[in-house]
Amino acid sequence: MTSPITTARHGDILVVTSDNPPVNALGAAVRTGIDAALKEAAGDDSIHAVVITCAGKTFFAGADITEFSKPPVEPLLPTLVDSIEALDKPVIAAIHGTALGGGCEVALACHYRIAVPSAKLGVPEVKLGLLPGAGGTQRLPRVAGVALALEMTAKGDPISASQAHEAGLVDRLAGEASLLDDALAFAAEVAAARPLPRASEKTATADAQVFADFRKTNARRFRGFDAPEANIACVEKATQVPFAEGIQFERESFMKLMFGVQSAAQRHIFFSERKASKIDGIAPDIALRDIKRVGVIGAGTMGGGIAMNFLSAGIPVTIVEMQQEALDRGTGVVRKNYEASAAKGRIKPEQVEQAMGALNPTLSLDDLADCDLIIEAVYENMDVKKELFGKLDKIAKPGAILASNTSYLNVDEIAASTSRPQDVLGMHFFSPANVMKLLEVVRGAKTADDVLATVMALGKTIRKVAVVSGVCHGFIGNRMLMPRQVEAMKLLMEGATPEQIDKVHVAFGMPMGPFQMSDLAGVDIGWHRDPTRIENIRDALAAEKRWGQKTQAGFYDYDEKRNPSPSPRVAEIIEEFRAKSGAVQHDITDEEIVERTLYTMVNEGALILEEGMAQRASDIDVVWIYGYGWPVYRGGPMFWADTEGLKKIVAGLEKHGFEVAKLLRDKADKGERFN
């Protein structure tokens with residue numbers, strides 16, 4: 001097998017090049033090749049300096065995480081970076097693309113770093129529940145300072161080459177087209193310079209208050225996660241002990257995270273997201289339909305957000321409304337959102353005009369005739385949607401894909417209102433559609449393979465995480481939400497309070513509990529709008545215009561800043577319904593809340609898999625991570641069930657009299673896992 005590492009002499013400089021597509025991951029073959037090149041340089045007196053560079057689009061973009069579950073192969077990355085730093089001849093990292101994770105650690109071990117301005121450097125290991133374990137937490141604060149090291153390690157976001165240059169992480173900026181030539185010139189300049197600037201021989205200093213302030217400022221962001229604190233502790237250790245002791249602390253911290261549940265969960269989601277894009281039973285090389293213009297029906301919050309996804313990706317959009325006022329309001333909100341992004345520096349002002357210039361607002365459905373994909377985002381009513389799709393059937397050109405943004409309704413019934421059910425599917429965006437990453441792509445019974453494949457590929461184009469769902473009420477996410485909501489309401493009737501139930505969910509890691517979520521979304525959503533018809537607690541709240549945060553009253557009372565507090569009136573309403581229902585009151589423990597609201601979700605997930613409504617358990621996890629705020633460090637409901645133990649889940653369900661899904665029981669009996 002050909003080595004991904006090649007060496008070439010440029011006078012007295014040895015250039016070591018990695019060519020390991022697609023991202024020059026630091027796999028065993030790459031590490032072995034670099035190690036051999038270092039030995040070549042050490043043993044040849046005619047070599048005065050070494051340049052490490054990469055072919056293709058990027059510098060080393062990280063470790064090969066597929067090796068994490070395999071037996072280790074020497075030299076391991078920590079050994080290799082120590083060898084780079086220990087070489088008695090200057091080593092220069094020539095960086096383009098991204099130097100991430102292990103790639104950034106390789107660069108830190110080099111004596112000098114030169115980068116093109118477009119390059120980015122970062123240590124994103126925290127996003128996999130880890131820390132940079134090849135000296136990154138010890139070298140980074142010594143080279144770039146403690147403040148930047150804390151930001152980079154505990155948050156995991158990359159920085160630009162210019163930021164790195166300002167901080168001393170990059171010594172010199174190169175021309176975009178002349179990196180190697182500039183690196184060779186830099187190497188010739190420093191070839192005789194001594195002593196060599198080794199990161200391990202520098203010191204990192206910071207007041208203890210710096211760490212206390214950083215923890216306090218980011219407490220909400222880091223809540224529930226183990227890895228950010230481990231990264232902070234390692235950087236802090238770099239200011240307290242010699243390099244060798246800091247490395248030992250880093251290694252122990254890394255191994256603890258590596259074999260912990262949280263990192264396993266975060267790595268599970270990393271791979272699951274990639275797996276979700278693969279469609280069972282469809283050839284990966286199937287010819288896709290060309291999507292050059294998209295139509296969106298409805299310019300409300302959802303329709304406008306959907307349109308933004310395509311406009312931001314450079315795809316022109318025709319957006320339709322029934323009334324001019326609604327159309328103007330919707331396009332105005334789209335512009336306002338883009339201008340807000342420009343004000344924050346996320347996009348350039350000219351990009352606002354480019355996006356708005358590609359938006360064609362209209363009051364006529366006929367203007368959708370040239371669209372390759374048409375997405376309806378109208379009222380969630382089957383009759384309304386069927387009537388609309390009947391009209392689209394006559395207007396849309398042959399081969400156009402017709403999609404419904406329904407969150408519950410039967411896509412097959414909608415498709416049957418057209419003469420082309422093979423061109424119809426569901427595209428369930430999540431609100432706000434221009435922000436939320438999840439896209440449930442609902443495959444109808446007659447949806448053509450190329451239609452499904454086209455929309456899944458389009459999901460990547462508009463930067464969504466797309467997951468295939470079958471046709472069932474609520475698809476994957478909302479279907480699993482239903483048993484949670486049903487049990488939460490039952491628990492209220494049996495003696496729990498909204499705040500107790502919500503507190504358990506927030507402690508679990510959810511951004512909010514069921515009743516906080518209801519207040520945020522609107523208690524009146526789906527309400528029948530008849531204040532005299534009061535059949536349940538929600539009807540009673542809605543009848544009193546307790547519609548949630550928007551009316552400063554829902555399951556909670558809210559002040560002007562939307563801060564919640566327990567509501568005496570809600571307590572009265574709940575008590576009235578308890579008295580009428582005859583529900584048996586008892587002390588409800590946190591454990592019971594978990595078993596009845598979260599175990600039931602797992603059970604529903606098992607039914608979804610049994611029925612073939614989801615392709616794989618990991619797809620369900622992806623839906624809940626990206627669409628509903630399930631804590632990523634718990635890996636999604638099905639992964640969490642695996643870590644809890646399926647026998648424990650079954651026992652908890654049986655304790656409360658639930659019917660256990662056959663798939664769940666079978667796996668529990670056999671000692672198997674979902675993932």
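Reply: Two rings of Phe, Tyr or Trp count as a pair if their centres lie within 6.5 Å. Please keep in mind that this is a predicted model.

Me: How many aromatic pairs does a search of the whole structure find?

Reply: The search finds 15 aromatic pairs. One of them joins F508 and W640, with 5.1 Å centre to centre and 90° between the planes, an edge-to-face arrangement. These two residues belong to distant parts of the chain: F508 is in helix α20 (residues 498-508) and W640 in helix α27 (residues 637-644), 132 residues apart.

Me: Are F508 and W640 buried or exposed?

Reply: Both F508 and W640 are buried.

Me: Why is the pair of Y556 and Y558 edge-to-face?

Reply: A pair of aromatic rings is described by the distance of the centres and the angle of the planes. Planes over 60 degrees apart count as edge-to-face. The planes of Y556 and Y558 are at 65°, with the centres 6.5 Å apart, so this pair is edge-to-face. Y556 counts as buried because its relative accessibility is 6%, under the cut-off of 20%. Y558 has a relative accessible area of 8% and is buried as well.

Me: Which residues form one aromatic cluster?

Reply: The cluster consists of F430, F508, Y599, W624, Y628, W630 and W640. F508 also has a charged residue over its face: R634, at 4.2 Å from the ring centre. Elsewhere, the charged end of K580 sits over the ring of F577, 4.5 Å from the ring centre.

Me: Which strands are joined to β4 by bridges?

Reply: Strand β3 (residues 49-54) is joined to β4 by three bridges, and the two run parallel. Within this pairing, V51 stands opposite I92. Strand β6 (residues 112-115) is joined to β4 by four bridges, again in parallel. Here A93 has R113 as its bridge partner.

Me: What do β3, helix α2 and β4 make?

Reply: Together with helix α2 (residues 77-86), β3 and β4 make a right-handed β-α-β unit.

Methods
Residues numbered from 1 in each chain as written. Predicted model: local features only at pLDDT ≥ 70, side-chain atom pairs only at ≥ 80, totals over all residues. Heavy atoms only, no water. Pairing = 2+ DSSP bridges. Right-handed = clockwise from strand over helix to strand, strands pointing away. Phe/Tyr/Trp six-rings, centres within 6.5 Å; stacked < 30°, edge-to-face > 60°. Buried < 20%, exposed > 50% of the residue type's maximum accessible area, 1.4 Å probe, protein only. Lys NZ or Arg CZ within 6 Å of the ring centre and 35° of its normal.
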